[in-house]
Amino acid sequence: MKQLSGAGAAEIAPKVSYNSKSSRLLQREKWYGYLFISPMVLGFLIFLLGPVIAAIAMSFTDRSLMGDYAFIGLDNYKRAFTNDPVFWETVGNTLYFSAGLVPLNLMMALGLALLLQKSIPGIGFFRTAIFTPVVTSIVVWAIVFKYIFATDAGLVNQILSIFGIQGPQWLYSLELTMPVVIIVSVLKNVGLNMVIFLAALKDVPPMYYEAAKIDGASRWLTFRKVTLPLISPSVFLALILTLIGSLKVFGQIYVMTGGGPGTSTYVMVYYIYQQAFKLFQFGYASAIAFILFILIFALTLVQWTVRKRWVHHEQ
């Protein structure tokens, strides 16, 4: 092998030294990066991943309040699918709640965003007023609306009585209780999706509207062919967040109805709470929680799969 000497060796030596120093700096920066993300990683492992794994393991046991447990395999899942009619009613109620809340929330949020996108004096007040319930405690919100829909002294029935209408028992009717909870939930969270849609509408290039106006397109056609496709990524985001949130509903059910009347407003998270902290069947509650996780994952995966059919991205 030919050896370099003189000027050739002098040219190579600084390069080797520089590369070695650069490598050490890169290694140091890498460890700094690990150091900075370590609190988040540890928090994820200790407070999220660890409890999830423990809950899945617990779903295969018959665990009691005192900590005693016995491995029973798939018995909890067999019980849920074959021997517990309340479980299937709970699943139906959860899907009913989601089917009512998701489209109503998205349509109302988009309508409000279209109304409030104009930069006119005082518009900030209305945006703030609609968004404020999002940061309000769900317990406080539910208590207020529980009194609003009260049978005797509730605000809604008091207004109806002025017109000679006998108000129904909103929170004690098998047919009306769930729609009332859906409406209360929509009013609570519609502001979040409104803000998402407002941001998306602001990013639509004006040239598309100008081109549609020159072509003589109506407002509805402009909305359907220009606005909606261009904000579809934001609609998809709002759809995913709203659907997941609706499947995890608990606070308003707990405060306003307590699952009643009967089991008409039992949803999956409330049923998990009942099984774990009322009946102390932690193993069975963990099994239902894992089934809820699979349901949320499956619905999210379906939406992610079909998104290419209606979600458009500006090139």
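User: What makes Arg-307 count as sitting over the face of Trp-304?

Analyst: Arg-307 lies 3.9 Å from the ring centre of Trp-304, over the face. The rule wants NZ of Lys or CZ of Arg within 6 Å of the ring centre and within 35 degrees of the ring normal, so this one goes down as a charge over a ring. Arg-79 lies over the face of Tyr-284 too, at 3.8 Å from the ring centre. One caveat: this is a predicted model, where local features need pLDDT of at least 70, side-chain atom pairs count only at pLDDT 80 or more, and totals for chains, interfaces and linings use all residues. Residues are numbered from 1 along each chain as its sequence is written, and side-chain values use heavy atoms, with hydrogens and water left out.

User: How confident is the predictor, going by the mean pLDDT of the protein chain?

Analyst: The mean pLDDT (the predictor's confidence in each residue, from 0 to 100) is 89, and 92% of the residues reach 70 or more. Residues 1-7 stay under 50, with 2 contacts (heavy atoms within 4.5 Å) beyond four places in sequence. Residues 9-16 are below 50 as well, and that stretch has 2 contacts beyond near neighbours in sequence.

User: How many aromatic pairs are there by the rule?

Analyst: The count comes to 25, taking rings of Phe, Tyr and Trp (its six-membered ring) whose centres lie within 6.5 Å; planes under 30 degrees apart are stacked, over 60 edge-to-face, the rest tilted. Phe-145 and Phe-149 are one of these pairs, 6.4 Å centre to centre with 25° between the planes, so stacked is the label. Both Phe-145 and Phe-149 are buried.

User: Why is the pair Tyr-254 and Tyr-273 called edge-to-face?

Analyst: Their ring centres are 5.5 Å apart and their planes stand at 90°, so the pair lands on the edge-to-face side of the rule. The pair links distant parts of the chain, 19 residues apart: Tyr-254 is in helix 11 (residues 251-256) and Tyr-273 in helix 12 (residues 268-277). Ring pairs also join Tyr-254 and Tyr-273 into a cluster with Phe-250, Tyr-266, Tyr-270, Tyr-271, Phe-277 and Phe-282.

User: What is the peptide bond from Gly-260 to Pro-261?

Analyst: It's cis, with omega near -5°. Pro-261 lies in the loop between helix 11 and helix 12.

User: What about the phi of Phe-280?

Analyst: Phe-280 has a positive phi, about 60°, although it is not a glycine. Phe-280 is in the loop between helix 12 and helix 13 (282-306). With a relative accessible area of 37%, Phe-280 is partly exposed.

User: How many helices and strands does the protein chain have?

Analyst: There are 13 helices and 0 strands, counted as DSSP runs numbered from the N terminus: H or I with at least four residues for helices, E with at least two for strands.

User: How does the radius of gyration of the protein chain sit against a compact globule?

Analyst: A compact globule of 315 residues would come out near 20 Å, but the protein chain has 28 Å. That is taken over C-alpha atoms, and the globule rule is 2.2 Å times the number of residues to the power 0.38. The C-alpha trace spans about 105 × 70 × 35 Å along its principal axes.

Key: Buried < 20%, exposed > 50% of the residue type's maximum accessible area, 1.4 Å probe, protein only.
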